[in-house]
Amino acid sequence: MRLFRALVGVIVLVLGVPAAGPADPPGQVLAGAAVVDSTWHVGASSGQYAGDPVLEPGSIGPYDPQTPERGVEPHQHSLTSRPSYGLQGRESVRALVIQGSDGKRVGLVSNNLYIPQDLIDRRVAGLLAEHDALVDLGLAPGPRTGITGSNLVVSVSHSHSSPYYSTPSWGPWTFQDVFDIRFFEFYAERMAEAVIRASASMVPAKVGGSVSYFDLLQRHSFGPEVADDGTPAGFPEADFPENRSVGKTENEKAVFVIAVDAAATGEPLATWVVLGLHPEMLSGNDLLASEYVNTMFRFVDREVGGVTLFSQEDTGTAEPAKDGKSQPSAVRAEYSHREYAQVERAGRLLADAVKKTRGDIESGTPEDSEQFSAMSGDFPVGVADLRLAPPNLRPSPTVSNCRAEKAFDGNPGVPLVGLPDCVFPAEELGLPGPPVSPRVGYGALREAGVPVPENYGFPSFVSLQESDQVHLQAIRLGNIAVTTCPCEQWGDQARNIRSRLNKVPGDLWDGFDWTEHARGEAAGTPWCRQNSDTTWTCADPRAWDWDLSGPVPRQVWDRDLPPVSDLAYRRMKAQIHNDAAGWDDLANLQAETDPVDPAKIKGNFTHEELTDFAYDLVVPIGMTNDYWGYIVTYREWERGDHYRKALSGLGPHSADFMATRLSRMAANLNGANLSTVNPKDVVYGPEDGREYATAQAIGEAARAYIPAYEATLPADGGAAGIERQPGDIARFDAASVRWTGGDPYTDTPNVRVERLEDGAWVPFADGSGEVQYRTWFPQPEDLPAWRAGEFAWHWEATFEALASDLELVDARGSEYRATPEGTYRFVIDGTRRGLAGATSPYHLESNSFDVSPWDGITVEDIRVDPGDGTVSFALGPVNHYTYGTPNTYTVGPIDYPDTATALDIYPFISPRDQSRNLGPGGEQFCFACSFRPWADTGRAVSAIVTIERAGGGTDLAEATLGPDGRWHTIATLGEGDRAFVAAGGVLDEFGQVNGAASASVG
């Protein structure tokens, strides 16, 4: 069959992609969605933050003597990064296919890759063409997908903690690991399979979309800056309060939702979530992890139903502000590198916003009526798909873009050495400049109007970009427009596209301008003021804080920048607001330079509103199809050298290159006839066929290589079975099971926890971040046994029973705040490798274990009031911590445990005093104590005092919490009476109790 499929692939490659005519008749919108597990092998490094490997001489894989218990990863999954040794959360590929009432289709794939790339997407297109050809020949079941490279959108989450080995371009290897042909084909096949399944599940559907304000997780990636000329630059870390409404936020802090429901029943089929926040909340703990996106999937899938998909809008980040104040301290939440429990917290908050926005769509009550498309089952679908040449003065993309002015000043930048940044050796090494500065020559040339290039860079084709063509797409879903940028898109670009295509005339967004805002010291105080000598004094955008004295938090800036010249001020304004039209004309050599005269500067964006061809909802997404780096605005390109500029592959007008073409493509789908291509685009046309052929060649090479590689793998030693059974636990503990399974190349175990209800086992938790597992690789001395097929692979999984301040949801969609008491078990499904390369599944069920409430509440200092005979007491435990500082921090009144002994198999799990946040908000989070969001402290809801009367008999007296923090009874003790709090007499909000009786008083 492999040979036949390869032959079909060759036929498709030679003859072209089959026509995409779907079998379903036009007239009603159809939609289908599917999820395919895409969890790669334990042993692969866990993304950008994976540790560095240690290679022992003669070893076949990385081995770190500092962590010898991990052993040697024998399958060569990691070459430049430390291998993972376990899994925190599984990954999935998700697909949505929509067919309009005009019979045209579009397919969306949502995956968890680090960056989008052209070659793997073209391989997916080839696999879909192969499938459709087999269907046409009657050799494959199901309908044709009707999805080709021209109507397929591939959107990546940009997770920094997922394996990424699918690009042969060597630039990303500096952040990830090197290309692995096994991973390339594995991931392409999973994406194709998701589209095939989605196409096979299509039913009559209706689609709508809306947006909600959401500002709980994001900030701008680099925040406020100061340009080389001293003018304010960058972006605010937090939104200006006067702009806190959807569509008017500086950092695009909103969540977009496109809802797809079954037309007949109204049941959700899919929920497409778009948010400007890339996943970078975890550190390099060497576990395959699922980040906040996958956690959000778990909540929305279970609580809403259907398939949830994710795309990134602008490139927001969870990184804290430089001074830790991106939100007022009273509401501040820390997420950047704050580990797994905070990832779940972020997923919960986002899921709540998604559910709210989805409800707005279904009820027709949007938060912003100017960004809303009502549910409809009758609309056309359109896809504009273009592969364009770079700008006229950029024959090929570049990286490490260096400012030319420094070269004229005797300090030339070296673009490649500091990849991706530009390195200036003299500046870095502190070397003196030349005795006579040649800067006069540079300035004189510019003043004379000579278009001296402002920047130069290193060609990045094959080092970063896989193609010289820029792949752009615009999608029409009736009254919804979606534009796709192969880039890390800024909020300015996204907002510019939205302002061009929305139905509000006159709101064209040129880009963020600090001078258009007050500095907050007092109403109307301008950001910049002109001095008597014509210079300008502006507030320093970096020097701000929150004023919490009023009912609404207010931002204030309390420091000025040094004065700048009137020319510098006017040039700053021109770089933002001037019309960019004509910057790419062949006759305009100033596309690569910044004219001295502000009137001649080509600014951020072309001033072109397309209101006559507008949409009800415009959703600009980034990180799709291919990667052309960060796309900064012209202002941000010209303000100086920085990391994001270094990755802008299309030069100083990258943002307008994208925004103008994407907006016109979307408008053309709605009746316009605007130019989007030029003669240079035609010249680059042959690149399309070369790239497609390259992708299929890699895929066919993988099909030949993978079976040959797998034939060399030894059998797994031992026999599948449970080695150590779980024991009973209380909340704030973890159950664990240990078993013999298969090797990590063959076995990616699917471990779940089931709960016994009414005599039947039902799903409760799974590998989406609720159940973790790890393995142990062979030690160097075990490698001969592994090669001989005698090495037994040991695995261990853990499951935390907890109480949480969040609303959690189990595998059947039932909400809970504390793991329900009851009887549970682990269920494990995996695969083992036998003799001659044969593989076989195994299924294991552990013994049952019980989960009970935590009984660690303590009753302390119980006493009788001598004045009135009432009884009072305090609750605990109350603990005091220093966290390595001179200060003492009190946590209580009921301080819950922070970690579980069973979690010790994960070495990064640490006690509270290593990870408690000491920020000004007083957050009580233990970030690295558990995988799940445990509640830190509890609150009692009832307390009963037992009174033994001297004359015989017993009374139960209710106690209530007083203003002094102690619990008091109304009942009083008489002569000879005794009182105590019995075991179980105190109950907290989660159902926890005191396990021991208090002392007796009276």
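Which backbone nitrogen lies 3.4 Å from a polar atom of the side chain of Q117? The backbone nitrogen of T167 does.

## Basis

This is a predicted model, in which local features need pLDDT of at least 70, side-chain atom pairs count only at pLDDT 80 or more, and totals for chains, interfaces and linings use all residues. Residues are numbered from 1 along each chain as its sequence is written, and side-chain values use heavy atoms, with hydrogens and water left out.

## Q117

Q117 sits in the loop between β4 (105-111) and α2 (118-136); helices (H or I, at least four residues) and strands (E, at least two) are DSSP runs, numbered from the N terminus. With 2% relative accessibility, Q117 is buried (under 20% relative accessible area; exposed is over 50%, partly exposed in between; 1.4 Å probe, protein chains only).

Beyond residues up to four places away in sequence, Q117 touches residues including Y164, P168, F184 and E466 (contact means heavy atoms within 4.5 Å). P168 is 51 residues from Q117 in sequence, and their C-alpha atoms are 9.9 Å apart.

## S467

S467 belongs to the loop between β18 (455-459) and β19 (470-477). Its relative accessibility is 1%, so S467 counts as buried. The side chain of S467 reaches the backbone nitrogen of Q469 at 3.0 Å.

## Helices α3 and α15

Helix α3 (residues 181-200) packs against helix α15 (residues 686-710) at about 110°, with axes 9 Å apart. Axes are lines fitted to C-alpha atoms, for helices over the stretch in contact, and angles run from 0 to 180 degrees between N-to-C directions. Among the residues that meet are F184 in α3 and Y705 in α15.

Key. Polar contact = N/O pair within 3.5 Å; in protein donor to acceptor, adjacent residues only side chain to side chain.
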